[in-house]
Each structure stands twice: as structure tokens, then as C-alpha cells.
Amino acid sequence: MATTGLPESTSSDLSRVTESLQMLAPRWNVWVLMTLAEMPLRYREIKSALPWLPDGQLHPKLGKLADAGLVERTEFEPQTVLYGLSVRGRELLPVLGVIAAWGSKHLEKETVLDPATGHRVPKPVPRAQDIEDTVALIAPRQATPILWALRIRGASSAKALAATAMPERHLTNVYQPLNRLAEDCLVTKDRQGNAELTAAGRALTPVYQALSAWAAGRPLAQATSHPVWAPNPAQPLGGPAMWATTQPRTPAVPTTPARSTWKPGDLFSHTTPARSTGVVPIGGRTR
């Protein structure tokens, strides 16, 4: 477990969440999981659904997902092998729906010309891609610990964040992940270098709630009880002495996990996200 300056229970929870993100982070992992969402498939059927993924990548990827406990391999006879989601893999599907909802709303979309209206509209993006791109923002090393530290501390200096998120590493190690989070619009920095979560960063609340519940084996219905990402955070974790130098928290935002109407097969569909004019697009991968 990575060492942090957070209370032990929070640090353990954070470690489980970051490990869960590492399972999803490798490219095409989400696509493979969603290919198996409806029923177990033979290898050739998976290959047919993901034709751009060569055998040299697909076969070891299935093996690693099986090692992670998300996929099961069932051999009926030498020529009949089925791959399907494990119980834990199926329990992950609602969590992927929450991640997809955040990505659909907040990830930057390329615009294309609508031939019917003549206006430029967001280019449709498969929901599986929304999930993969969202995970790419928060899975890199130290990204999630920094976001959690900002959620707890509110506006903080780089020095304070380093002490909280990575106390065993040199202060300078905080700047690269912090700058990346700022480039991705999850964090904003003032002229003095103090950082705090943006509205989009705070909107990750249901994502982290859902990931935490799944990682701990709790029902998703209990996700809103998360101590860090609760709807109305109480006293900062660790008590007033531990956080005596913190500034006031950023305003809380609604944190009820997003209820998505998608079905597993829908993650391959192209949807045009509804975007309000008040949403600041997030950077990230080029679509």
C-alpha cells in the first residue's frame, strides 16, 4: 500500500481504489470487459467484436483480466473454451456506468458538422471510450491521491499536497502530476501556486464513491456513505489538529451516484452527450 499522510483507514481505502483503477487502466481492458458483459464468448467471437486488437494483445489481456479476478475461463473440451465475466466482473458493470456518465458530461468532444442542421455538434463517442478516457485521467501514479487530498484539505499548496499525498517522496515529485491534473482541468491553481479542485474535479464524487464501494465489496447503494466523498463532508479526517493549516473546503456538490439507463451492449453505441454551457470541457486524449 502506498504511504500517504492520510489517516490509516482513508489510506487503505485509497489504496484499494487506486488498485482497482490499475486493473482498468491498460488500453482496451474496458472494451474487453464490455464485450463479455452480456454472455460468455469463445475467443473467436471476442476477436470478431474487437477486430482492431491483434491476437498478440488480446490473448494475454484475457489472461491478465482472469488473473485480476474479473474474467473466468471455462474449458468444456480442448476446442471449446468460453470467456465470461466473473462475479466481481459483473459487479463492476454498474461502476462502469457511473464512470461513463462522468466522461459523457465532462470529457472534451471533437465537433463535427451536422448535415441536417448545418451546425457543429459533438462527435459521437462510444461509451466504452468515455470510460477508458476517464480512467486515463485519474489512474496515473499520484493523480488520485492528490485529488483525494484536495477533497479533504480544500485549497492547498504544493508542499501541503506533497506531505499528504506522497510524504515519503521529495517535494518536487508533486509538480508533474499536479500540473497534469491542471492541464486536464480537474485542478486549478492560483498565482501563489495553491491548488484546488475544479467543478469537474468535484464532480468525480460519484466515480470515487462507486469505485470505493466496489473495491470494498459493498453494494453500490451504499456508495454515498463514503467519508471523503460524502455529500456534506464533516470535519476533515484526522481531526482539527492534523489539518490545522488547511483553508476552508470547497463547496460540496451533489454526490448521489449517477443512475445510468445504459445496458451493457450500449457501451459500444455512439451517443451525443448533453452539454450545458456551464460545463468546462476536460482535456485528455485526442478523440
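The questions and answers below go from the whole chain to single residues.

Reader: How many helices and strands are in the chain, and what share of the residues counts as buried?

Author: This is a predicted model, and its chain holds nine strands together with twelve helices. The accessible surface of the chain comes to about 14,200 Å², with 53% of that belonging to carbon and sulfur atoms. As for burial among the 287 residues of the chain, the share that counts as buried is 47%.

Reader: Which residues does Leu 147 touch, not counting residues up to four places away in sequence?

Author: Once residues up to four places away in sequence are set aside, Leu 147 touches Ile 138, Leu 181, Leu 186, Val 187, Leu 197, Leu 204, Tyr 208 and Trp 229.

Reader: Is α1 roughly parallel or roughly perpendicular to α11?

Author: Helix α1 (residues 8-24) packs with helix α11 (residues 205-215) at an angle of about 95°, and their axes are 9 Å apart. Because angles of 65 to 115 degrees count in this class, α1 is to α11 roughly perpendicular.

Reader: Which residues make the contact of α1 with α11?

Author: By class, this contact has seven nonpolar, two polar and two charged residues. Helix α1 brings Asp 13, Arg 16, Val 17, Ser 20, Leu 21 and Met 23, while α11 brings Tyr 208, Leu 211, Ser 212, Trp 214 and Ala 215.

Reader: Against which elements do the buried residues of α8 pack?

Author: Helix α8 (residues 158-165) is mostly covered, since six of its eight residues are buried, and among them are Leu 161 and Thr 164. The elements that these buried residues pack against are α7 (143-153), α9 (175-183) and β8 (195-197).

Reader: Why does Gln 142 count as buried?

Author: Gln 142 lies in the loop between α6 (127-138) and α7, and it has a positive phi of about 75° although it is not a glycine. Buried means under 20% relative accessible area, and Gln 142 counts as buried because its relative accessibility is 10%.

Definitions and conventions. Residues numbered from 1 in each chain as written. Predicted model: local features only at pLDDT ≥ 70, side-chain atom pairs only at ≥ 80, totals over all residues. Heavy atoms only, no water. Axes fitted to C-alpha atoms, helices over the stretch in contact; angles between N-to-C directions. Helix = DSSP H or I, 4+ residues; strand = E, 2+ residues; numbered from the N terminus. Parallel < 35°, antiparallel > 145°, perpendicular 65-115°, else oblique. Contact = heavy atoms within 4.5 Å. Nonpolar A, V, L, I, M, F, W, Y, C, P; charged D, E, K, R; others polar. Buried < 20%, exposed > 50% of the residue type's maximum accessible area, 1.4 Å probe, protein only. Areas by Shrake-Rupley, 256 points an atom, 1.4 Å probe, with all protein chains shown as cover.
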